[in-house]
Amino acid sequence: MLIILDRDGVINQYDGNYICSADEWQPIPGSVEAVARLCNAGHRIAIATNQSGIARGYYDTDALDTMHEKLERLVEAEGGCIDFIAYCPHHPDDHCHCRKPLTGLLDQIRRHFHLDSLEGAIMVGDSRKDLEAAHSGKCQPILVRTGNGLDTERHLDARPIPGARVAIYNNLSEFTDALLSAEGW
Ligand SMILES: [Mg+2]
Ligand SMILES: [Zn+2]
């Protein structure tokens, strides 16, 4: 199965401040191991991440590459691998097609894996934008309560996403436990 992960607040810690360097990029405990466990169970892993900090001038693509090298190194040390990272470098005012909640990043991922559709894929995020992109992109939306997740959950109760059935887990590790133990996923 293809599993698409948001980055900030799902894999690494996120408190609302931009992550501008590899030093600031710190994994949520258990998340790197969770990614590796998913890989070892035969799943493919892609990341779809909004990185408007690039357009805002807070960091550049070299710094982003360094963060992602750190992420990939940590996952590989646990025996896993990340197949593809799609990121949106644009500012919200740029009106690009890739910034979530739009589905441009998911389209890039779909093309990378030579798929006609993402139906059957799972997308895990901590923000409403992720869940909306997942739903529009025909992925099963999963919310985790790390990063923005608790806030997102609260608002989701008041304003559900029409037609979306969102499953909620405390963190990526608990989602992974559930996926790997469930029959019929
Ligand atoms: Mg996030
Ligand atoms: Zn974009």
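## Zinc site

In this predicted model, the site of the zinc ion (ligand 2) is tetrahedral, with angles of 100 to 115 degrees among its 4 donor atoms. The protein donors are Cys88 (SG), His90 (ND1), Cys96 (SG) and Cys98 (SG), which lie 2.0 to 2.3 Å from the zinc ion. Along the sequence, these donor residues follow the spacing C-x1-H-x5-C-x1-C. Among them, Cys88 and Cys96 are buried.

Asp8 and Asp126 are both buried.

## Backbone features

Most residues other than glycine have a negative phi, and most peptide bonds are trans.

The peptide bond joining Lys100 and Pro101 is cis, with omega about 25 degrees. Pro101 is located in the loop between β3 (84–88) and α3 (104–112). The loop between β3 and α3 also holds His95, whose phi is positive, near 55 degrees. His95 is exposed, having a relative accessible area of 65%. A positive phi near 55 degrees is likewise found at His114, which lies in the loop between α3 and β4. His114 is exposed, with a relative accessible area of 72%.

Terms used:
Residues numbered from 1 in each chain as written. Chains lettered and ligands numbered in written order. Predicted model: local features only at pLDDT ≥ 70, side-chain atom pairs only at ≥ 80, totals over all residues. Heavy atoms only, no water. Donors = N, O, S within 2.8 Å, 3.2 Å for Na, K, Ca; no water. Tetrahedral: all angles 85-135°; square planar, octahedral: opposite > 155°, others 65-115°. Buried < 20%, exposed > 50% of the residue type's maximum accessible area, 1.4 Å probe, protein only. Helix = DSSP H or I, 4+ residues; strand = E, 2+ residues; numbered from the N terminus.
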